[in-house]
Amino acid sequence: MTFEDFHFDTKLQDGLSSMGYEKPTPIQEQAIPLILEKHDLIACAQTGTGKTAAYLLPILNNIIHSDHRHLNTLIIAPTRELVQQIDQQVEGFAYFTGVSSIPIYGGGDGATWDQQKKALEAGVDMIIATPGRLIAQLASGVIDLKYVQHLVLDEADRMLDMGFHDDIMRIIKNLPEHKQTLFFSATMPPRIRSLANKILRHPKEVNISISKPAEGILQEAYLVRDEQKEKLIMHLLKETSYSSVLIFASTKDNVKHLARLLPKLGLPSKAIHSDLEQNEREEILREFKNKQLRFLIGTDVLSRGIDVDGIGLVINYDVPPDPEDYIHRIGRTARAESTGHAITFINERDQRRFYQIEKLMEREVTKMPLPEGIGPSFEYQPEGHRHGGGKGARPTSGGKRKFFKRRSPR
Ligand code: AMP
């Protein structure tokens, strides 16, 4: 399945492509058609599954065709950080669409409040807000919720944990009866279900259970800059005693580069990528399975298909774009044996993405000090380095907007 199958407006499809999104994640595959059909939805999915795009894309597709006269969509999320992350994704997806949005969260100064108020007065299609600050802005009378068509509650379980139940109910009272409500939560204990039952009408359900890597895999990571990666991989491969080692890189260019580099250092290796004929790929795989070839390098194509026993070590030359790919990649080790070893290289840009993987696995991966001679590492700051997600460059708005964007005030 590809995003083309949803037949989104081309302006939205352009935004998706420029953000490097190619293939929908499982939650997107399941939720998007239901949302497009206007069902209420209760979705059990954690951060890292692609849940944000799962609700944003069909909603944005709907807003493109609206008359933009009223506030169309309200998204409520527990924290300022999450509101900012959702807003960043909207900014990327909606870049070519003319849809406007505004994040509303507390913690700023009086100027922030005034800016939010001004943008609200000018009118927007979508508000992404924390419950407390939204209630405060509602009281100031600049937000008209009467025409809202979509309500999204994101991380509902966390909002209840943070004591936002009454605030949420107050906000919902201000919304029209007829609207589509999308309810996302990482967990579904009874109190969450009872909240969902109260506010949803004949909801469809989507449940994404996350695969977890086998316990027996020793997972380690290095915080390493791109220019240090070659030295590090050479060091690790020279030291290793494993007889079969699988190396993953996200781009074909990196795969080819490594396949040229490693043999020069006396490390017998070959690469599998989409430029090879099927029979060439099979031949390389056969050599690897028969232990004639010690090092195999490939893109994620390899992570799902390959079924080779006795791979001792998996090296991720970069952090895979999709957390599920990480699980698949490292799952190539520790198959027949009960133990395995997975090492991931994290550059500064990929920190946040790796943090999502850790969150998904509910497990922190040990960050190893760089071996001598590689140069200095950096401190792990997953929350401090944000990126737009996806594989490619995302469009930027030229840094001009703060609270209002992409469409002149009406
Ligand atoms: P979320 O679960 O919504 O927090 O998304 C986790 C990360 O995955 C974000 O950085 C997204 O930008 C990214 N992402 C979501 N869906 C896709 C996709 N279909 N292709 C590539 N990246 C994605």
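## Strand 5 and its partners

In strand 6, Leu182 is the bridge partner of Val152. Strand 6 covers residues 180-185 and pairs with strand 5 in the parallel sense, over 4 bridges. Two strands count as paired if DSSP finds at least two bridges between them. This is a predicted model: local features need pLDDT of at least 70, side-chain atom pairs count only at pLDDT 80 or more, and totals for chains, interfaces and linings use all residues. Residues are numbered from 1 along each chain as its sequence is written, and side-chain values use heavy atoms, with hydrogens and water left out.

Strand 5 also pairs with strand 2, again in the parallel sense and over 4 bridges. Here Ile76 stands opposite Leu153 of strand 5. Strand 5 is covered on both faces. His150 and Val152 are buried on one side, Leu151 and Leu153 on the other. Buried means under 20% relative accessible area, exposed over 50%, and partly exposed in between, with a 1.4 Å probe and protein chains only.

## Helix 8

Helix 8 spans residues 165-173. Its buried residues are Ile168, Met169, Ile171 and Ile172. Seen down the helix axis, these fall within an arc of 160 degrees, so they line one face of helix 8. The arc is taken from the directions from the helix axis to the C-beta atoms. The face turned away from the buried side carries the exposed residues Asp166 and Lys173.

What do the buried residues of helix 8 pack against? They meet two strands already named, strand 2 (73-76) and strand 5 (150-153). They also pack against helix 6 (131-139), helix 7 (156-161) and helix 9 (190-199). Contact means heavy atoms within 4.5 Å.

## A buried loop residue

Leu276 lies in the loop between strand 10 (269-272) and helix 12 (278-289). Is Leu276 buried or exposed? Leu276 is buried, because its relative accessible area is 19%. Leaving aside neighbours within four places in sequence, Leu276 is in contact with Ala271, Arg281 and Ile284.

## The whole chain

The protein chain has 15 helices and 14 strands. Helices (H or I, at least four residues) and strands (E, at least two) are DSSP runs, numbered from the N terminus. The chain has 410 residues, and 57% of them count as buried.

Take the contacts between residues at least 6 apart in sequence: 78% join residues at least 24 apart. The chain exposes about 18,000 Å², with carbon and sulfur atoms supplying 48% of it. Accessible areas come from the Shrake-Rupley method with a 1.4 Å probe; for residues, only the protein chains shown count as cover.
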